[in-house]
Amino acid sequence: MLVSQVEGTLSRSPVLEIKNLHAKTGDKEILRGVSLTVYPGEVHAIMGPNGSGKSTLAQVIAGRDLYQVTDGEVIYDGKDLLELAPEERAQRGIFLAFQYPVEIPGVSNLYFLKAALNAIRKNKGEAELDAMDFLALVRQKMALMGMDESLLNRAINTGFSGGEKKRNEIFQMAVLEPRLALLDETDSGLDIDALKIVANGVNTLRSPDRSIVAITHYQRLLNYIIPDYVHVLADGRIVKSGDKSLALELEETGYAGIDALVEVAR
Amino acid sequence: MTAAATIPALAEIRRRAAELFEARGFPTTREEEWRFTNVSSIGRARLPIAPPSAQVHSLRAALEQEPEIIEEHLARYASCESNPFVALNTSNFEDGAFVHIPANTIVEEPVWLDFKAVPGRTTHPRNLIVIGAGSQIRLVERYTGAGKYFTNAVTEIVVGQNAVVEHIKLEEESLESFHVATIQVRQARNSNFKSHNISFGGGLVRNDVNAVLSTGCEGTLNGLYLTNFKQHVDNHTALDHAAHHAVSHELYKGILDGASSAVFNGKIFVRKDAQKTDAKQTNKNLVLSENAVINTKPELQILADDVRCTHGATVGQLDQEALFYLRARGIDKRDARDLLIYAFARDVIHRIGVAGIQTYLEKALFSRLIDSRRLPEVTS
């Protein structure tokens, strides 16, 4: 663990603790002992080459049953996360911004988001929002993301451009106000204008009681979302951790240098 | 005997229908048209095939008051020869609805025809709907009941030139019931007819929806079937492009759960002179259980050469990616599942031009999905 991390967080307990996590899909082991601790308010970036297990890590935390956890544990808010169904995780404040947001024809964005928000509020013991209050909230968050209101009445992600889909993910995050947000390659495929909007949305949502784990293949995102920590994931393990300068280092050397680290880790 | 017997020509038709049914009886699965639907249980159920004593309804009254128009149309379209259940109805019907709209009349409010079955009985509702040229109407036929019974309905619809008719059939029979229905449509030139055939209930259900299109007509046959437990729902449709420049659209969607089964058979005939026909048929099925079975079969017979006909059928399961996406936002697994099923059914429901029925069907769909988890399995 990094010294600065320990110093800054002595009095607090972590929001997420991943310990020696192993996960496989079918016979293929993808995560081979990931350990990561995230404290409230921190922004962590996880970088790594394609196929290193970045997206798998995000999906396992969100509860996707495609992956089987074979060893290790994930503690969220002091409790065993792996016992919970995906919806229970979301209701307790975990949010995954999908790398490939799913198109769901026939279900409007508005209906979906209202159902999601009310499920989360119900879990917190809060009253459901009525239609008027909900719409007011949604309008405010749409403005933040520079989104057109007509998007609300369209089916979820259906016919959205790649940029609109990613923006819609962050818009959902803004409405649902999670405690832990996992951004899975939210920057990939975005042009610079869209990237700025998405990053601005994320930055607006940074707060002392919200943690963000941003998974990315490219350093570019980290020019706009400045991370507290950068980790390199390779071959199913975190092989190197550092501060934001590690991302710049990777940008210069590429992932070629990672192979040596993987060898050492083995 | 019935009022219908007072018209000699009709009495003769009914006598022949009785003979036909007598000679042929119920169809068997050896017949191609009934291959996947075994109706022998209707006979074994020992429900009396002849109807109970008649109540006075409009068709009966109309037989006395407007015999000319009845004689012109009744039993002239639905074929006793090709469907024994039509013969059975034609020889036994006592009553039903007669809807006659004169030319150039717009009927603003939808007309509701409600048929509530009596347990232990067989009924043969017979409806005749005659819509004058240039008129416009929306009709709802709804079938409900409790317990074990057999409903064998025939509806003949005559759509006048340039008329616009929307017909909605809501089949919400009991899970122990037998429900057989034929909707036979004759469209005059440049008319527009839409059918929405919704099957939510019934133990053994067979629908035949047949439309004959003249020049310049538009014909739409849409359907939605939701089956569970041991239900069997068979939809046979036929769009007969009898003349040139007619357009037809067909969308049937099915949601199958439990040990239920369903059949979709969609015929499109394009007659030799029916040039410039444009016909599109789609059947999509969502299969929620390993024990559910769907048989889907398009049958296109095209005798003209300058036409466009497309058809497609799909059978799929719930999209697991979509299910996870909804759950990852906090929506319970059951709610997420119901939402995806609703999303699948939605475009059929939303094609119905009566807003109240859209809402009604959405509620009925959700409550059936919820009930299916609560109720013990119903055997039929």
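User: How much of chain B counts as buried?
Analyst: Of its 380 residues, 48% are buried, meaning that 20 or more other C-beta atoms lie within 10 Å of the residue's own; 12 or fewer makes a residue exposed, anything in between partly exposed, and C-beta atoms are placed from the backbone. Keep in mind that this is a predicted model, where local features need pLDDT of at least 70, side-chain atom pairs count only at pLDDT 80 or more, and totals for chains, interfaces and linings use all residues. Residues are numbered from 1 along each chain as its sequence is written, while chains are lettered from A and ligands numbered from 1 in the order in which they are written.

User: Thanks! How many helices and strands does chain B have?
Analyst: Chain B has eight helices and 17 strands; these are DSSP runs, H or I over at least four residues for helices and E over at least two for strands, numbered from the N terminus.

User: And why is it called as compact as a globular protein of that length?
Analyst: Because the radius of gyration of chain B is 20 Å, close to the 21 Å from the globule rule for 380 residues. The radius is taken over C-alpha atoms, and the rule is 2.2 Å times the number of residues to the power 0.38.

User: Switching to backbone: which phi does N104(B) have?
Analyst: A positive one, about 50°, although N104(B) is not a glycine. Most residues other than glycine have a negative phi. N104(B) sits in the loop between β1 (98-101) and β2 (111-116) of chain B, and counts as partly exposed with 13 C-beta neighbours inside 10 Å.

User: What about H245(B)?
Analyst: H245(B) is not a glycine either, and has a positive phi of about 55°. Its loop runs between β12 (232-241) and β13 (247-256) of chain B.

User: Over to chain A. Which residues of α8 are buried?
Analyst: In α8 (residues 245-253) of chain A, they are L246(A), A247(A) and L250(A). They cover an arc of only 100° around the axis, so they lie on the same side of α8(A); the arc is that of the directions from the helix axis to the C-beta atoms. On the other side, S245(A) and E252(A) are exposed.

User: What do the buried ones pack against?
Analyst: β3 (43-47), β11 (229-234) and β12 (237-242) of chain A, with contact meaning C-beta atoms, placed from the backbone, within 7 Å.

User: Last one: how many residues of chain A are in contact with chain B?
Analyst: 19 residues of chain A, meeting 17 residues of chain B. α3 (86-91), β7 (104-108) and α4 (109-123) of chain A each supply at least two residues of that side of chain A.

Conventions
Contact = placed C-beta atoms within 7 Å.
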